[in-house]
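Walk through this structure with me.

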Amino acid sequence: MTKRLFMKGNEALAMAAIEAGCRYYFGYPITPQSDIPEYMSRELPRLGGEFVQAESEVASINMLLGASATGARAMTSSSSPGISLKQEGISYMAGAELPGVIVNICRSGPGLGGIDASQADYFQAVKGGGHGGYHIIVLAPSSVQEMYDLTMLAFDLSDQYRIPAMVFGDSVVGQMKESFVPHPRPARELPPKEWVVRGRQHGEQRVVKSLYLGDGELEAHNWKLHARYGELKEKESRWESFLVEDAELVVAAFGSAARIAKSAVMAARERGLRVGLLRPITLFPFPEQAFRAVTARCKKVLDVELNAGQMVEDVRLSVTCGTEVFFYGRPPGAGSLPTPEELLGQIEKYY
Amino acid sequence: MQQVFRKPVSLKDIQTHFCPGCHHGTFHRLVAEAMDEFGVQGRTIGVASVGCSVFLYGYFDIDVVEAPHGRAPAVATGVKRARPDSFVFTYQGDGDLAAIGTAEIIHAANRGEDITVVFVNNTTYGMTGGQMAPTTLVGQKTSTSPYGRNAGKDGSPIRMAELLAQLEGVAFSARVAVNTPRNLMDAKKQIKKAFRYQVEGKGFSFIEALSSCPTNWGMDPLAANERVGTEMCGYFPLGVFKNTAAI
């Protein structure tokens with residue numbers, strides 16, 4: 001599998017899920033991610049897997065919960081309003097320590113909003129989203145290649161840490177076509193799934209649950225989950241840094257906003273401005289260490305997002321003392337995607 | 001001496017938390033007996049719902065997945081699709097199945113998922129303290145229908161066994177009760193039939209079990225038991241509403 005392919009981001013993502021061993025997909029159509037269920041409905045039956053078009057997003061996340069409880073690799077995908085409906089199930093999965101991959105090809109909101117590229121679900125994705133105080137793993141691809149790579153990684157991280165994982169894209173990375181190189185799943189040692197329900201005949205009774213009523217039980221359970229989030233921060237933070245070594249100003253951006261920002265950074269370099277880019281790849285765990293390291297020297301960060309300012313809060317919490325953090329964002333909607341020239345103007349303003 | 005009656009192996013030897021006079025314990029036992037008779041305990045995955053029945057795993061000696069309120073049929077769909085060799089049943093109350101989970105039950109039934117649903121109908125939300133349910137009888141007073149259920153404002157009680165029997169995907173649908181020895185014997189028979197459908201891979205089977213709720217009805221156990229026969233059976237007739245393979 002070293003052949004270069006030319007595909008849509010959504011299709012590359014679906015292809016990666018299957019390559020990662022996902023055989024069960026449960027979903028409900030919504031723009032701009034419907035290529036994913038379409039791809040899965042075509043491919044999974046041929047592989048002995050199952051595709052279920054659920055009656056709602058609520059049902060589909062709970063089908064994922066059920067399949068995951070049996071130890072199967074399974075996935076659901078949706079877009080913003082649909083992800084809101086899935087939050088109940090995501091919270092239950094987080095509480096029951098169930099892995100599973102959830103794809104959000106984010107569109108603009110709030111409410112029905114529109115189908116344009118947006119990053120306005122950042123808070124919902126990284127700050128829990130559902131009730132009860134939990135986190136999920138959030139990966140943010142900025143290219144079709146990463147739609148492939150990070151989807152595969154999402155399955156492994158989710159299984160390893162028993163935390164649901166979200167691939168957080170948007171209409172741009174989902175709908176655009178570009179070339180990428182598919183590859184087999186990289187070898188990664190994963191713990192055996194000793195918790196799955198598989199029938200009593202195989203041993204002691206197993207229960208997958210999130211209800212803990214005994215004195216101190218639920219607190220202990222929460223501390224265990226939060227210790228795992230800490231471990232994730234330490235071991236699994238990922239980011240890309242571009243020309244930051246001598247930078248006077250570092251642009252922070254993720255996903256498709258980071259692609260536009262990269263063009264702006266290169267244009268700034270052509271004009272002799274020492275500007276770099278720091279792109280979080282994992283939004284949870286947020287790469288705090290990368291921001292600390294960069295801002296130990298460079299004291300200006302310009303955070304760029306396709307929303308009115310969400311990740312900027314995590315950036316502010318991660319930079320070293322004395323760093324100035326500026327923000328430029330465009331709340332989403334038709335005609336709201338910033339151009340590289342527009343971002344260059346912002347770089348020049350704060351440089 | 002020959003032992004002719006014993007505790008089902010699928011049930012743990014533990015006292016239940018159910019209130020005195022509640023029929024949940026009896027239905028637990030009937031379900032466990034059916035499980036024993038088909039020898040499916042070892043490959044059963046139960047799906048627990050929210051409400052009085054959530055502690056399923058404390059009483060049944062089987063593997064269990066807990067579902068969010070109303071979503072048990074969707075969770076069961078995921079379990080059964082991923083592990084088609086397992087025996088999967090949900091155990092849900094009326095608030096769970098006939099209100100918040102209406103979409104999930106109708107569509108799992110309509111897809112003809114090869115699962116069994118045990119629906120315990122006591123015309124009220126039991127665990128949350130006796131509020132009005134979709135099955136609350138007209139005129140019945142509850143903590144959220146203090147003047148009695150008003151059909152004009154609250155709608156009429158939903159007959160789930162009949163409603164689901166309309167769907168092509170449903171293979172078996174019946175309503176049972178355990179308020180008399182005769183009804184109990186029949187309930188056992190129908191639960192076994194419902195189980196046989198899944199054991200033989202013949203499709204979606206549904207059992208509606210009329211239950212008492214002495215605590216929330218404000219009745220003593222005997223009066224509550226009586227109400228099942230007098231008031232409930234009048235609106236919710238016992239019987240088999242669909243039996244496609246005539247098991």
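Helix 6 (residues 144-161) of chain A contributes the most to the lining of the largest cavity, giving 3 residues. Helices (H or I, at least four residues) and strands (E, at least two) are DSSP runs, numbered from the N terminus. A cavity is a set of points, on a 1 Å grid over the protein atoms alone, where a 1.4 Å probe fits but cannot get out; lining residues have an atom within 4 Å of a point. This is a predicted model, where local features need pLDDT of at least 70 and side-chain atom pairs pLDDT 80 or more, while totals for chains, interfaces and linings use all residues. Residues are numbered from 1 along each chain as its sequence is written, chains are lettered from A in the order written, and side-chain values use heavy atoms, without hydrogens and water.

The largest cavity has a volume of about 60 Å³. Its lining includes Arg73(A), Phe155(A), Asp159(A) and Lys193(A). By class, that lining has 5 nonpolar, 3 polar and 3 charged residues.

Now the sheet. It is open, with 5 strands in the order 11-13-12-15-16 (chain A) and mixed pairing. Strand 11 (239-242) and strand 16 (324-329) of chain A each have a single partner strand, so one side of each lacks a neighbour in the sheet. The twist averages 20° from one strand to the next. Strand 15 (residues 300-305) and strand 16 of chain A run parallel, joined by 6 bridges (strands pair if DSSP finds at least two bridges between them). Val301(A) stands opposite Val325(A) in strand 16 of chain A.

Methods:
1 Å grid on protein atoms, 1.4 Å probe; cavity = no way out; pocket = protein on both sides within 12 Å on 5 of 7 lines; lining within 4 Å. Points joined across faces, edges and corners; volume = space filled by probe spheres on them. Nonpolar A, V, L, I, M, F, W, Y, C, P; charged D, E, K, R; others polar. Axes fitted to C-alpha atoms, helices over the stretch in contact; angles between N-to-C directions.
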